[in-house]
Amino acid sequence: MEIIRASFILVVFVLNMVRITLSVENEVLYLDYYKETCPLAEEIVSRNVEIAVLKDPRMAASLLRLHFHDCFVMGCDASILLDNHGDIISEKQAGPNLNSVRGFKVIDEIKYVLEEACPLTVSCADILAMAARDAVALRGGPRWKVWLGRRDSMKASLDGANQFIPAPNSSLEILISNFNEQGLDIEDLVALSGGHTLGKARCVSFRQRVYDINMKEKRDKYKRYRTFRRILRSICPDSGRDDAIAPLDFSTPAKFDNHYYINILEGNGLLGSDNVLVTEDHEGEIIKLVWAFAANEELFFSSFAKSIVKMGNINVLTGLEGEIRKNCRFVNP
């Protein structure tokens, strides 16, 4: 009996040590966090994301972008989902988000189903993290394990959204600085930039890249670099048509793959912030990563998964911090 009791105590101790270790490494987030409190949570999110992406394939990129834009402002706390209300000024009005980020209704629908199944249990921040994972997997990308247990912010930061979300015409120096401020390194920058293998951008986001007279173009006998610029100019004139859109990846616009890196090596990145990974890397460290991901899709997938899990850990609220919102658009009354 004493042996059994001692064995039981040892098992509990080991499990607690594992839990403590995971807490330290993952900012007290856990796998299977909702196993007891809402066992169907991940299935509910996955099913609704699948429905949304089937209706609108572009939604996959939108859901991935929501998670990214959320995490870069105060951390992964669903602050991006808050509407204007009372003292809260929504991050949706920030320059990088206005008339640009989408997918809010999809998150609303997921939250509604989860509230029916498990009231005030699953956070909006965790929904964003799971939805991003499922969206990428649905378009042929990697599927990673999502660490859960985030809580929702009770405030938003319009200034933070304007300051910390990388702009489409950012220099490489600014991009590196933006990522470093979030605890992300150069490999994370290059890997997460690969998310631009999906989705579309508005003319206003890439016009400067198209009409920049100082931009150095490579020219070969096929004139393919000038051809790409002509295509973009046909979509986006030097004035007007701000909301005209073009795919971030002209090669395989609806598939999550490594063609983004091939594109920027050929000078065919849509955004200025894509091309600077190659044109402004004077040390060569970033270009080596770009070449590696262009040559090896499996390496890109594993690096992307690792970096997005790391990003999903930025300044998370846990324990008694924040709250679990009933409606993702508003703090609880």
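A nonpolar core is a set of buried Ala, Val, Leu, Ile, Met, Phe, Trp, Tyr and Cys residues joined through side-chain atoms within 4.5 Å, where buried means under 20% relative accessible area, exposed means over 50%, and partly exposed lies in between (1.4 Å probe, protein chains only). The model is a predicted one, in which local features need pLDDT of at least 70 and side-chain atom pairs count only at pLDDT 80 or more, while totals for chains, interfaces and linings use all residues. Residues are numbered from 1 along each chain as its sequence is written, and side-chain values use heavy atoms, with hydrogens and water left out.

**The cores**

Begin by selecting Leu-81, Ile-107, Leu-114, Tyr-261, Val-290, Phe-304 and Met-311, the residues with the most contacts inside the largest nonpolar core, which has 79 residues. Helix α5 (residues 124–138) gives the most to this core, namely 10 residues; helices (H or I, at least four residues) and strands (E, at least two) are DSSP runs, numbered from the N terminus. Another core, of 13 residues, lies apart from it and includes Val-210, Leu-232, Leu-248 and Leu-271.

Return to Met-311 and show its contacts (heavy atoms within 4.5 Å). Neighbours within four places in sequence aside, Met-311 is in contact with His-67, Phe-68, Cys-71, Phe-72, Cys-76, Leu-184 and Leu-192.

**The annotated histidine**

Select His-69 next, which the unreviewed UniProt entry annotates as "active site"; UniProt positions are given in the numbering used here, feature names are shortened, and annotations may be inferred rather than shown by experiment. His-69 is found in helix α3 (residues 59–71) and counts as buried, at 5% relative accessibility. Not counting residues up to four places away in sequence, His-69 touches Ile-80, Pro-96, Asn-97, Val-101 and Ile-165.

**Salt bridges**

A salt bridge is a side-chain nitrogen of Lys or Arg within 4 Å of a carboxyl oxygen of Asp or Glu, and a search of the whole structure finds 15 of them. Select Lys-310 and Asp-188, whose side chains meet in a salt bridge at 2.8 Å, N to O. Asp-188 lies in helix α8 and Lys-310 in helix α14, so the pair ties together parts that are 122 residues apart in sequence. Asp-188 is buried, with a relative accessible area of 4%, whereas Lys-310 is partly exposed at 33%.

Lys-310 also forms a salt bridge with Asp-185, with the closest N and O atoms 3.6 Å apart.

Move to Arg-133 and Asp-134, which meet in a salt bridge at 2.7 Å, N to O, and are both buried.

**Aromatic rings**

Rings of Phe, Tyr and Trp (its six-membered ring) pair if their centres lie within 6.5 Å, with planes under 30 degrees apart counted as stacked, over 60 as edge-to-face and the rest as tilted. By this rule the count comes to 16 aromatic pairs. Select Phe-228 and Phe-250, an edge-to-face pair with 5.3 Å centre to centre and 85° between the planes. Phe-228 belongs to helix α10 (residues 224–235), and Phe-250 to the loop between β2 (245–247) and α11 (259–265).

Finish with the cluster in which ring pairs link Trp-144, Phe-256, Tyr-260, Tyr-261, Phe-293, Phe-300, Phe-301 and Phe-304. Within this selection, Phe-256 and Phe-301 have ring centres 5.8 Å apart and planes at 50°, so the pair is tilted, and both residues are buried.
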